[in-house]
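Hello,

Please find the structure below. My notes on it follow.

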Amino acid sequence: MDKYKIILFLCNWGPHAAFQALQDNRDAIPSEIHMVRIPCTGRISKSLLLKAFEKGADGVILMGCRHGSCHYGTGTETAEKNTEDTRKIIETLGIGKERLKFVTFHPDESDLLLEFLNSFTKEIASYSHTHVTRSKDPEPWVEKSIEEIVSKHDVFACQDCGKCTSACPLALTGKPFSPRAVAAAVISGEVNDESVKNDIWSCLTCGICYDRCPSAVNFPEFIRDVRCYYKNREITGQETHGGFFQSLMRTMTSSDLKPTPWSWLPEEIKTDSNSKVLFFGGCAPYFDIFFREFLGVKTCNILADSLRLLNFFDIQPAILEEERCCGHDLLWSGDRENFTRLGKINADRIHQMGIEEVITSCPECYRTLAYDYPEHGIELNFKVTHLYELLENEINKGAVQFKKINKKLTIQDSCRLNRFENIYDQSRKLINRINPESFTEMQNNGKTSICCGNSAWIGCDSFSKALQVKRLNQAHDTGSDVLVTSCPKCQIHLKCAMEDPFRENELKIETMDLTSIIAKTLRWE
Amino acid sequence: MTNIQDNKKEVVITGFGGQGIVLAGTILGKAAALGDHRESTLVQSYGPESRGGACSAQVVISDTIIFYPYIKTPDVLVCMSQGGYDKYIGDLPDDGILIIDHDLVKAKRKVKEFYSISATRIAEELGRKMMANIIMIGFVTAVTKIISMDAAQDTVVKSVPKGTEEMNLKAFNRGSDYGLSVLKGREKKAEGRTGAVS
């Protein structure tokens, strides 16, 4: 059996002296312990902690200075919070929270330190290895050549007219970015130029350019494929949050891992494991833990309210206990290999349950399941329905009404739903049924709606912020007091912009998911 | 042979001439006889009615032979016009079922079992006002269960003009879906659950 691997992130200051004393005395430090010396525990982000597990660690210790003795003042507190959140996340992920510990030692506590290392090593041995087994495929994944990508999306059809740039939300916030220029550069063989790489990674893939293009060049998918081409050649983009979410999704590709994303589900919500209908939730449980400290988003409420609405219409759906992320962000950040792996696991598990219809309230899950899985050779024996479609049908049957809401509403469209002909106006139909004080569209709405500023957890910069501020100003211009969203990520990104301490009052607006509004106001007649 | 007629239900459908009241009655009766293999009779009143006045169809459905096709005290009264309501409401006993078109009839009398549907408005939404009767049949089938759903759908398809089957079936389903929703809503409300959250 393989030896256990325990990563010890060791602070340079207090505990390092203690550790060094052990080394000087030639004390037997367990050989499972792999020490990484760091300047301060406060700089070890959630992403670094998770990545240790992703790369195969069986246990991780974050070791810092005792309270009050942190060399930089706040390192210990920050490390405590990061560890707490990461512990919750790895617990949900099925790794087990007890494998990650934050401990503190004074420089003179070498005996205590050794004692701890021995006992933690024993503890980890009692849990055995984690189920994170990211084996390499026997046949390495090879992305198409640039020529093939260009011809697949018929990028040559670009007429250089510039309609895309004039509509592109990034270009409109002042970023020197032009879809047609990217297309021209890639065609003329400049794909490895730094500026082209930057542009490819900063595109929002919102699809407004595709909508405007007179030659119908599918720019978002072209960008996505070039990203896959890059990733395949080890050219990486600027992953946000330290690449935490990509790491999370890659970890989920271990098929033996048993995540428990539904453990929080309130008791009054009824699910039925024999049902032929499955509700696919998405990553909300992870978002809520990750953004707990900073944004305080409660995206799990969207899932709970979706299930409550299904229950309201006497649908008791099954849930996939070991549900994994759909993989949307892996695919759109260029990791086709792990996306396909994740997709296959999800599809297999859903097929094993004999499911005939999958319902989801997340726009990205919808697009990925309904469209990207089949496109990547993952055959589905079930139908994928977006919750809005189901609600519209059920509400249309009648005998229901909506309680009046004393709020003025406006809506932020999600890019992924907005580009689907069959459901792009579903959110409008529903919002016209509910009974608010008023509903006002923003300046950019419907098909011309602009992105929330970020996509697939890559390339967040000052222009993303400018875009979010612009969007929030548009929302305020409507005079509304609630910004309705369809996608949990729109909520996360726009809330992030509202955290600006200097413009707080100017930007703050209550955000609420459409599903939750419906759940709160829908009544039997 | 027994004199008691088993499981007998008497239905009066009233409305304006031209609303398809008689066709609705015909569908109801045919579905019971041909679809559900029971006995049924239809008496239709026309004459001045067919030129726009109050008009009615009287349908009796029973498991055994029906001796008398005229209806004195209906079990179910379906009203698609105010005139029809005014004329027949007095005949309806307190334990009878009253069903009205919500937008065309104002029901003043309180009966124990009361249902309403905006059949004409839904028909307008679907594109043809004249389908209100089919929507009403769907609704009546769902809430009263006098005839079976399969028989009703089958008869609707066979009774409407060629080429309009699909449209009429859709209308029927809108009516029956609404009826089922109403029943479900009442059931939930009785359990004290009115909304999705509370």
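Two residues are in contact if their C-beta atoms, placed from the backbone, lie within 7 Å. Helices (H or I, at least four residues) and strands (E, at least two) are DSSP runs, numbered from the N terminus.

This is a predicted model: local features need pLDDT of at least 70, side-chain atom pairs count only at pLDDT 80 or more, and totals for chains, interfaces and linings use all residues. Residues are numbered from 1 along each chain as its sequence is written, while chains are lettered from A and ligands numbered from 1 in the order in which they are written.

Start with helix H2 (residues 46-54) of chain A. Nine of its nine residues are buried, so the rest of the structure largely encloses it. Buried means that 20 or more other C-beta atoms, placed from the backbone, lie within 10 Å of a residue's own. The cover over H2(A) includes strands E1 (6-11), E3 (59-64) and E4 (100-104), and helices H3 (75-93), H12 and H13, of chain A. Just after H2(A), Gly56(A) has a positive phi of about 110 degrees.

Now the domains. An automatic or database assignment sets the bounds. Chain A has domain 1 (6-127), domain 2 (146-232), domain 3 (241-393) and domain 4 (400-524). The C-alpha centres of domains 3 and 4 of chain A are 22 Å apart. Their contact takes 31 residues from domain 3 of chain A and 26 residues from domain 4 of chain A.

Last, the chains. Twelve residues of chain B are in contact with 14 residues of chain A.

Best wishes

Key: A residue is buried if 20 or more other C-beta atoms lie within 10 Å of its own, exposed if 12 or fewer, and partly exposed in between; C-beta atoms are placed from the backbone.
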